[in-house]
Amino acid sequence: MIIVIVALAVCLLGVAIDLRSFLQAWLVATLTWGMLPLGAVAVLLIHGLTGGAWGNESRYLWQALASTTHLFLLAMLVPLLGMSWLMPWTAPVETLPEVVRHKLLYLNMPFFVIRNLLYALIWGGLAWWLCQPRQHRRAHAPGAILWVLAFTFFGFDWFMSLEPKFYSDVFGLELMTLAVSSAMALGLLLCAPMLRPAIRSDIANLWLGMLLGWAFMAFSQLIIIWSGNMPHEIGWYLQRTSGSWRPIGRLAFALFLFVPFLMLLSSSLKRRASWLQVTAAICLVGHVLHMQWMLWPAFSKWPANQAWLGPAALIAVGGLGYLWLSRALSTNLNRNLSENLTGRAIEQGGRHG
Amino acid sequence: MADPRHAASAVSLLARFDSAEALLAALTGLRADGHRRLEVFSPYPVAGVAEKLAFRPRWVPIVSLALTIGVVIAGYYMQWYSAVVDYPYVVGGKPLHSWPAFIPVVVALGLLAAVIGAVVAMIAGNRLPQPYHPAFEAESFLRASDDAFFVLLSFENSDDRQRLSERLRELHAQEIQEVPR
């Protein structure tokens, strides 16, 4: 609690010193942590479509995570208000390169704001609806489609348009698999000991599948851009393999995918809660590093105060999210427990009767 | 001339049970008695039998993993050798050893190797193909694919036969037959 307040105070100091650096730091932090609730929304949607014991018994967990979507949407208001400091395409048209000028039909402020309101409506609505005790089954499929569409355009708007010359089709899908994998990692980190071993290994298998899905998407993007070697696209990777970003990118890949992949190979270890928690923690560190690697190189200027502002924003947004999440989780846990107890009482009453 | 299969003491007991519950209960009893050489036949997969038999698929993942690693290394080496050593050819100004281009082939071969390794290890572990099995000697064994649950019990000492039959009756076996091993 105190740490969060201190971090928020540091962020306010950042506003006073340099508004642009503060906005950059806040955007990176919000996107880094915002992937987690968005991923949890998808987990709930998938379970709504497929059913299965793994989701019936871990539902409360994903619901608690998904309920923090609203905090993420609130935090996104800050960069939305400050977009003229963040987005290079908001500069006067004459100063923009030609490729970007052709994109201005899409990348302009009014349309950008409308799109963001739509994302907020879709995700906020889905998160609210999925946290209700009962859902109508038929709405999961349209919900999942809307979620995917919103994520694709969200990726275009908040990740790719930071470098408006860059374009990649698969970017949205990569972000989606990233979000779901990280959300599942956080869920396992928080609640692995409370689940039955069979459920735990089911979720771990789904998680491994999702991680491999991310690897597939990320690699498709890399190999297409690397083979084509076109200036606008390869620049995105060149920016991220120069200087200290190169080792950071490698480390993020190792922690996010490679180490968890090896740790999840054994099916008997997947049933052990402590093992899964360690794996999930490693993966989440990788997630945070990977998001920094993906976002920071997009800002061409690198002011010195980012060294303290970036971590402070990460702690502030992450801390707020954690406080929100732990409250939601404890109420959900209590409700889950009492439901189980009443369920059992009814069962026993029926047996006695 | 006597059939060598009917030699003295080389006999197994085949017990028939009526239900999956009776089968599981009998397996628990037999395991508690210390019998380890048990084989089970049922019309459908009965949940819990593998655990009761203390079955562990030890070799399947190891064979699968070993084959995968071998194939991945071989596949990578094949591409590296052909692109760098045997036929060096610059494509698109890229270095001869362009690893991103080698990855898709290696991943596909690795997946194939993992699946083939698992299937081969599974078949070998089940001692298949097996054209003859002692249980085929019993007339009623055909019901194993219909409505009956069988346990095949191998034992070393023929003196035990009487005692074992009694024990199986105790465990609600409906029918007990001796089959040559």
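Modeller: We go through the interface, then a helix, then the salt bridges. This is a predicted model, where local features need pLDDT of at least 70, side-chain atom pairs count only at pLDDT 80 or more, and totals for chains, interfaces and linings use all residues. Residues are numbered from 1 along each chain as its sequence is written, chains are lettered from A and ligands numbered from 1 in the order in which they are written, and side-chain values use heavy atoms, with hydrogens and water left out.

Biologist: How many residues of chain A are in contact with chain B?

Modeller: Contact means heavy atoms within 4.5 Å. By that rule, seven residues of chain A touch eight residues of chain B.

Biologist: What area is buried between chain A and chain B?

Modeller: Buried area is the accessible area (1.4 Å probe) that two parts lose on being put together, summed over both. Here the value is about 570 Å², and carbon and sulfur atoms give 83% of that. On the chain A side, A:Phe219, A:Ile223 and A:Trp226 lose the most area to chain B, together 74% of what that side buries.

Biologist: Which residue classes make up the side of chain A that touches chain B?

Modeller: Ala, Val, Leu, Ile, Met, Phe, Trp, Tyr, Cys and Pro count as nonpolar, Asp, Glu, Lys and Arg as charged, and the others, Gly among them, as polar. That side has five nonpolar residues, two polar and no charged.

Biologist: How many residue pairs are in polar contact across the interface of chain A and chain B?

Modeller: A polar contact is a pair of N or O atoms within 3.5 Å; within protein, one must be able to donate a hydrogen and the other to accept it, and residues adjacent in sequence count only if both atoms are side-chain atoms. The rule finds two such residue pairs, both at pLDDT 80 or more.

Biologist: Is helix α9 of chain A enclosed or open?

Modeller: Helices (H or I, at least four residues) and strands (E, at least two) are DSSP runs, numbered from the N terminus. Buried means under 20% relative accessible area, exposed over 50%, partly exposed in between (1.4 Å probe, protein chains only). In α9(A), 18 of the 21 residues are buried, so this helix is largely enclosed by the rest of the structure.

Biologist: Where do A:Asp157 and A:Arg115 sit?

Modeller: A:Asp157 is in helix α8 (residues 140–159) of chain A and A:Arg115 in helix α7 (residues 109–130), 42 residues apart. Their side chains meet in a salt bridge (2.6 Å, N to O). A:Asp157 is buried at 0% relative accessibility, and A:Arg115 is buried at 5%.

Biologist: What separates B:Glu170 and B:Arg167?

Modeller: They are three residues apart in helix α5 (residues 160–170) of chain B, so about one helical turn separates them. B:Glu170 is exposed at 54% relative accessibility, whereas B:Arg167 is partly exposed at 23%.

Technical notes
A salt bridge is a side-chain nitrogen of Lys or Arg within 4 Å of a carboxyl oxygen of Asp or Glu.
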